[in-house]
Structures are given as C-alpha cells and as structure tokens.
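Biologist: Could you take me through the charged side chains of a model, and show me how each kind of feature should be read?

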Amino acid sequence: MVQAQAGTTLKERDLVAARYRLAVLYSRDRETEVWRALDETESQVVTIEFLLSNDGATRESFLAAGRRMAAVERPAVMKVAAIHDDPNATFIVYQHLVHVPVPLDWLKPKDEPAPVATAAVMTPPAPPTAPVAPPAPAMPAVLLTPPPPTFIVPAEAAEPVPSAAVEDESIESRDHGLVALSDLLRAREFSQIDVALVKEAALELGTVILTTVREVDYAALGARGLEIAATVVALVASVISRRSEISLPTPHLAIPTPHLTIPRPHAAEQRAPKSPKAPKAQKIREPRVASVKAERAPRGPSRLHIRWRRVLFRGACLAIIATTVAVMPSEAWPIVASDLSVVGAQALTVGGELAGQAVTVGGQVADQATKIGGSLKTEIEQRVASGSGSQAPLKKPTWDVPPLSEYGASLDSKAPDPSARPDATVDWVVALRNTGSAGWYRGIDGAQASLALADGTSAGIQSTDFVGPGQVGWFVVKLHAPTKPGTYDIALLPRIDGRGALKDLGIKAKLTVTAP
C-alpha cells in the first residue's frame, strides 16, 4: 500500500479516473511511483506514473515532461495515452509498444469468481432496459502473487464460436502463462517479467506433465504385463517339456574340391651379366646390455566367487517353469498360443499408445523449452557481449537526433562496492533509469548512454540496444585498480556520447585494493 498525491491511498484493484484498474506496483521513488494497470475501456495493459510530491514546481515539471513525451511520435518510443491533473491525483498514462495479454482476474475484485472461458464469445444483444447505476464495490487489497490467471483476446479480434469450442478452449487455457512469457521474451519486454509470471509458467508446465502422467491407467498396464509374463513362462515351460519330440535335421555340408592351377615356366631371356658390386663395410654395433627385470611374486590360487542370490533366484524360476510344464496338458497348447497372440497384439497397442503420449508430451515440453531457452540465451549473450569492454565505433544516426535537453537519467540501483588486487580490472554494475523524453540507442552517435570517468574516459556503455523513457538500462563498468593497496573513490559521470554530459548523479565506486 502506498501514498499518492493529496493523501490519496492507492492499492491494487483500485479504479482510477473511472477507467484504469490498478494491478501491480512496479517501482517507486521519492517523487513518483509506477503502476501496471488495465484500461477497461480499451482492454489493454498500460503503465501509469503517479506524482507523489505536492510541490508546485515539481508538478509543473512533471506535467511538462509528459507533454514533451506526448509530442514525440516515433515507433520505438512509448506513446502517451493520457495526462490527468486534478486535486485528487496527477498521473501520466503510457501505452506499451507491444500488446500484452490481459489476465481476466484483473477485471474484477479478488472476492468475485474469475470467468472460466478463455476466449471472447459473441452473444446476441439484450433488450433495452432502464439503466441502473449500482454502487461501485470497494476493491480489497490483494497479495502480489495472485492465482494463475486466464487470458482474453481484445474485443476487435473476437470471433463467434460455439459453446463446445469454449469448453475445449477452457481446457487448453492452462498454457497461457507459457504463451505470455514467450510473447514477452520475443517482444523484448523484459521489464514486465516478474517472479509471479515465471512461477505461473512453471506451474502450468508441471500441470501439463502431471495431467498427462495421471491419465495413464497403470493398473491396466500392470495387469497386461502380468498376463504377458505368465503366457511367456507357460510357453517356455511347454517348449522345455517337449524338447525330446523336436527332431533337428542333420546338416549336409558340401566341401568343394580345390582346383589348383600351376603356371608353366617360361624360358628366361638371356641378359648380359652385371658387374659385381663392391662389398659394403660391415657395421660393428656395440653390444647391448640386457635389462634385468625383477621377478614378480607368485600369485596365490584364484578364488571362485559365487553369487548365491542369483543362483537361488534362477533355480527357483526354473523350478516354477518345470512344474508348470509338467502339469499343463497338451490340449491347452492351442489355447495358450491363441492367448499369446492376443496378448502380443494388446502389448503392441499399449506400447503404441505410450509411445504416442510420450512423443506428444516430449514435443510440447521441448517446444516451450526451446522458445524460452533461445530467448534467454540471446539476451544473456547480448548482455555479456556488451560488458566485454570493447566498444565498437559509433554509427551515424539516420534520423534527427533530439537535443541534449531531452535526455535525462536517475540512479536506480548499483552493485556492492568492488574489491580487486593491485593493477587488476574488476567489473561493477550500475542501473540508470531513463527520465528524459528521448530513448537511448546503443552504438548510435548522439543517442548512446554511457558512464565516463572524471578524465572523460568511457568506463561502460548501455548493455541493451534500446532503453525507452521510463525504462531501466544496465551498465557494466570496467574499473582498473591502482598498484598500491588502499581504498579509492572513483566518480562516474553519465553522458550521451556525441552530445555531452548529463546531470551529475553522484555515482561513486568505493574500490578496495587488497594486498597480493
């Protein structure tokens, strides 16, 4: 629960300006706080930034920044949907660049049951009645970890579907958490991924696997397995009992007679005798000294290791098989053969069903894991590559770069103070929030945000390709330790490469150099 302007208390599920339903508190500082909310008129997820300060100058600056943001019309910049200013509250509404699915449980208070259907269903219009305005129910405070939500599609994308299709879709709605997580990763909306969404996706994935496993009839499979085992034992016992009646044919081997062809000698042509070669000098080698190997100690007699448990088990199995063969009459063998064929067909059917289910479940799990893993791997590789310290030459922009006055930044968070050995390099992470009306573009001259040392040397640049207004950018700063042990305060100044320095945020890294 937080305090808004003019003493107004904001909490989850509150309806603001008769249109926006508050959902999750995203961030907060001394002057503003940011909420995720649902625009009930447009059925879209929006971001609302509330002003907490009652100071007149701060309020005018806040509204001026919102108007400047609304004047910017670019596809890569968040659009300002509305600017609200009255004695009760002052806030700015931002639209998302990519549409996010709307959870149904955001539409109603916590104590009301959530709808079951997951798709919009077209119903005939009701006859006109006298309008009645019931009092708005109070929105109770809820926890930040709501139950697994279900999702709807926008009204303009809804199509009429029969009731049977609605029931089928309600059964298949269990993977909407995975779909939402995959859409956010594909759209690079990492700021909207929270712990609740990840837990929900993992819960739904586990539910799919458990549901598939529970649908398998293990009792029937066990019974069929026992029947097959009994039939196989009976068949083996029958074959052993009738081994004397089985006559094996005598093998007939035909050995071919070898045919040898002796070549006839040909008369050798007379050639001129060759001159004798000079005898080679004999090489005298030094005698080798035979190495004397130490004699090995004689080995003791080998012990015979008998596995009595295995011997007893196999003996018991053979005794059971022999008893079954001796007791079973000869008239039962056709019946056994018929049962064996039926059991074999059933075993093939059951095996095919299990294989199909395993392939289906494995395909679903592999598909979702591939999508999520690929998106996470791409993001991690980009962040690691951005923090390697090697800065590529800046590219010339293909658009008109805004002036330096439209850029702004504030310190969001930073890592603990680093420590290093003398003359070593250590990484330090800093997070800055874009408080201006222009976005930060990595690798673009005049639009790239970076942190520089006091002498103007670049220490780290933004790790993501784009940081929009209101978003948080991460910087991996490379700090080089002095040669003498001690504690050093290293100041870092934010700037826009190619434009100039921004307001000094007082960012200092307290570097501790330890003795080697």
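Predicted model: local features only at pLDDT ≥ 70, side-chain atom pairs only at ≥ 80, totals over all residues.

The dialogue below turns to salt bridges and then to a charged surface patch.

Biologist: How should I read a salt bridge, and how many does a search of the whole structure find?

Modeller: The general idea is a distance test, in which a side-chain nitrogen of Lys or Arg lies within 4 Å of a carboxyl oxygen of Asp or Glu. In this structure the search finds 12 salt bridges. One of them joins the side chains of Arg21 and Glu40, with an N to O distance of 2.9 Å. Arg21 belongs to strand β4 (residues 20–28) while Glu40 sits in the loop between β5 (32–39) and β6 (44–51), so the pair ties together parts that are 19 residues apart in sequence.

Biologist: Which parts of the chain are linked by the pair Asp85 and Arg59?

Modeller: The side chains of Asp85 and Arg59 meet in a salt bridge at 2.2 Å, N to O. This pair links strand β7 (residues 79–85), which holds Asp85, with helix α1 (residues 56–71), which holds Arg59, and the two residues are 26 residues apart. Asp85 is partly exposed at 32% relative accessibility, and Arg59 is partly exposed with a relative accessible area of 26%.

Biologist: And where do Lys478 and Asp427 lie?

Modeller: Lys478 and Asp427 form a salt bridge through their side chains, at 2.8 Å from N to O. Lys478 lies in strand β18 (residues 472–480) and Asp427 in strand β13 (residues 425–434), so that distant parts of the chain, 51 residues apart, are linked by the pair. Salt bridges can also share partners, and in this way Arg59, Glu60 and Asp85 are joined into one network.

Biologist: Which residues form the positive surface patch?

Modeller: For a patch, one looks for like charges on residues that have over 30% relative accessible area and no salt bridge. Here Lys274, Lys277, Lys280, Lys283 and Arg285 form a positive surface patch. Lys274 is found in the loop between α5 (218–241) and α6 (308–327), and with 80% relative accessibility Lys274 counts as exposed.

Notes:
Residues numbered from 1 in each chain as written. Heavy atoms only, no water. Patch = residues over 30% accessible without salt bridge, like charges linked within 9 Å, V, L, I, M, F, W, Y side chains within 5 Å. Areas by Shrake-Rupley, 256 points an atom, 1.4 Å probe, with all protein chains shown as cover. Lys, Arg positive; Asp, Glu negative; His and termini not counted. Charge placed at Lys NZ, Arg CZ, Asp CG, Glu CD. Helix = DSSP H or I, 4+ residues; strand = E, 2+ residues; numbered from the N terminus. Buried < 20%, exposed > 50% of the residue type's maximum accessible area, 1.4 Å probe, protein only.
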